[in-house]
Amino acid sequence: MKETFFKWLNTALMWNLFFVLLCFGWFAIALIGRATKVPLGLDLWLSLWTPVMQPALGILMAGALISGASSWIIKRLNPTE
């Protein structure tokens, strides 16, 4: 049961990481576009920052902390495995 949960959690965190990296790439490209006066979606990115990207970052950070802490606790409780 716990192996299945951790496998699912790690998969979800991996997809969330890819989403966050994709958003960062979009932000970098949009900033370059703003500097060169080419509209590449910076205004749209900024409007999505609070409702979409901040929760994705929070989930990624919380999931990494929970995953690491739970792995550490499991190793402490079962030192023979």
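Colleague: Which residues of α2 are buried?

Modeller: In this predicted model, the buried residues of α2 are Leu 42, Trp 45, Met 53, Ala 56, Leu 60, Gly 63, Ser 67 and Ser 70. What covers them includes α1, which runs over residues 2–35.

Colleague: And which residues of α1 are buried?

Modeller: Those are Phe 6, Leu 9, Leu 13, Asn 16, Val 20, Cys 23, Ala 30 and Gly 33, and what covers the buried residues of α1 includes α2.

Colleague: What about the span of α1, does it come out above, below or in agreement with what its residue count gives?

Modeller: For α1, 34 residues at 1.5 Å a residue should span 50 Å, and the end C-alpha atoms lie 49 Å apart, which agrees. For α2, which covers residues 42–77, the 36 residues should span 52 Å, and the distance of 48 Å between its end C-alpha atoms also agrees with that expectation.

Colleague: Where in α2 is the kink?

Modeller: The kink, of about 70°, lies at Trp 49, shortly before the proline Pro 51.

Colleague: Switching to rings, how many aromatic pairs does the structure hold?

Modeller: The structure holds four aromatic pairs. One of them joins Phe 27 and Trp 45, and because their ring planes stand at 35°, with the centres 4.4 Å apart, the pair is tilted. Phe 27 belongs to helix α1 and Trp 45 to helix α2, so this pair ties together parts that are 18 residues apart in sequence.

Colleague: Are those two buried or partly exposed?

Modeller: Phe 27 has a relative accessibility of 24%, so Phe 27 counts as partly exposed, whereas Trp 45 is buried, with a relative accessible area of 7%.

Colleague: Which other aromatic residue does Trp 45 pair with?

Modeller: Trp 45 also forms an aromatic pair with Trp 49, and this pair is stacked, at 5.3 Å centre to centre and with 25° between the planes. Both residues lie in helix α2, four residues apart, which is about one turn of the helix. Trp 49 itself is partly exposed, with a relative accessible area of 30%, and ring pairs link Phe 27, Trp 45 and Trp 49 into a cluster.

Colleague: Last one, what is the phi of Lys 37?

Modeller: Lys 37, which follows α1, has a positive phi, near 65°.

How values were computed: Residues numbered from 1 in each chain as written. Predicted model: local features only at pLDDT ≥ 70, side-chain atom pairs only at ≥ 80, totals over all residues. Heavy atoms only, no water. Helix = DSSP H or I, 4+ residues; strand = E, 2+ residues; numbered from the N terminus. Expected span 1.5 Å × (residues − 1). Bend = angle between axes of the 7 residues up to and from the residue. Buried < 20%, exposed > 50% of the residue type's maximum accessible area, 1.4 Å probe, protein only. Contact = heavy atoms within 4.5 Å. Phe/Tyr/Trp six-rings, centres within 6.5 Å; stacked < 30°, edge-to-face > 60°.
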